[in-house]
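Okay, thanks for coming, everyone. Let me put the model up, and then I'll talk you through the helices and the aromatic rings.

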Amino acid sequence: MGRGERLTPGGFTFRAGEFKVLLAFEALLTLAWELTPEVVLINYIVFALKKTVFEVALVAVVSSLASIIGTYASEHFPKGRGFQGMSLGMLTSALYAALMMISPPFWLVIIAYSLDAFGGTFWFPFYRSWMFKLIPKERASEFHAAISSYKKVIGIVTPFIAGALVSVHATLPYAFSLAFFLLAGVMFWWLARKGIYSRTPS
């Protein structure tokens with residue numbers, strides 16, 4: 001991260017309320033991804049599009065290539081522009097959910113999942129760097145333990161929710177995923193407006 005994004009004692013003081021806000025932000029992102037597990041993709045490709053497991057594997061292969069490209073892109077993204085990097089990554093994930101929500105043809109499924117794989121890999125280093133800078137060292141273990149607990153609880157519940165949504169419509173989970181991505185994006189911009197994340201590069 002660039003110097004302009006580093007937190008200083010005079011620029012930001014961590015408070016208990018903001019701890020909860022960051023946990024809420026993490027929970028929104030976790031819900032956005034966990035509501036569309038691989039079984040939802042398999043159900044859509046095999047039963048809605050009448051394709052085979054080969055097409056499912058093809059999506060996985062192309063997504064893996066997109067993740068590699070995303071890693072390369074994040075390593076060469078201008079330093080000091082972590083906010084823009086996070087915004088771009090979240091935008092691509094929201095676009096993925098929006099494309100899948102409209103019951104796309106198979107070629108568009110490949111594009112959508114490639115966008116998600118690229119965006120998720122691209123923005124992850126900026127996101128983790130931001131989190132590590134926000135959380136005081138003495139509270140880091142508490143924060144990450146809370147995140148781990150959140151994810152475990154969400155991981156138990158979301159498969160049932162996703163299954164119920166799929167029973168209504170094959171791509172309905174993606175609509176809910178999009179809603180959570182958008183909520184996370186709004187919260188991210190709100191955090192930036194509060195000064196918790198500087199939007200200016202160094």
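One bit of bookkeeping before we start: the expected span of a helix is 1.5 Å times one less than its number of residues. Helices here are DSSP runs of H or I, at least four residues, and strands are runs of E, at least two, numbered from the N terminus.

So take α4, residues 82-101. Its 20 residues should span 28 Å at 1.5 Å a residue, and the end C-alpha atoms sit 29 Å apart, which agrees.

Do keep in mind that this is a predicted model, where local features need pLDDT of at least 70, side-chain atom pairs count only at pLDDT 80 or more, and totals for chains, interfaces and linings use all residues. Residues are numbered from 1 along each chain as its sequence is written, and side-chain values use heavy atoms, with hydrogens and water left out.

Zooming out for a second, the chain has 7 helices and 0 strands. Of its 202 residues, 45% count as buried; buried is under 20% relative accessible area, exposed is over 50%, and partly exposed is in between, with a 1.4 Å probe and protein chains only.

Back to α4. What covers it? Well, 14 of its 20 residues are buried, and two helices that pack on it are α5 and α7.

With α5, residues 106-134, the angle is about 150° and the axes are 7 Å apart. The axes are lines fitted to C-alpha atoms, for helices over the stretch in contact, and angles run from 0 to 180 degrees between N-to-C directions. That pair is therefore roughly antiparallel; the cut-offs are under 35 degrees for roughly parallel, over 145 for roughly antiparallel, 65 to 115 for roughly perpendicular, and oblique for the rest. The contact of α4 with α5 has 17 nonpolar residues, 7 polar and 1 charged. Nonpolar here is Ala, Val, Leu, Ile, Met, Phe, Trp, Tyr, Cys and Pro, charged is Asp, Glu, Lys and Arg, and the others, Gly among them, are polar.

With α7, α4 packs at about 160°, axes 8 Å apart, and that makes these two roughly antiparallel as well.

Now, the rings. There are 17 aromatic pairs: Phe, Tyr and Trp rings (the six-membered one for Trp) with centres within 6.5 Å, called stacked if the planes are under 30 degrees apart, edge-to-face if over 60, and tilted otherwise. Trp33 and Phe181 are edge-to-face, because their planes are at 85°, with centres 5.2 Å apart. That pair joins α1 to α7 across 148 residues. Trp33 is partly exposed at 28%, while Phe181 is buried at 4%.

Then there's Phe83 with Phe188, which is stacked: 5.0 Å between centres, 15° between planes. Phe83 lies in α4 and Phe188 in α7, so this one ties together parts 105 residues apart in sequence. Phe83 is buried at 4%, and Phe188 is buried at 1%.

Last thing, the loops. Ser103, between α4 and α5, has a positive phi near 55° and is partly exposed at 32%. Lys50, between α2 and α3, has phi near 60°, and at 65% Lys50 counts as exposed.
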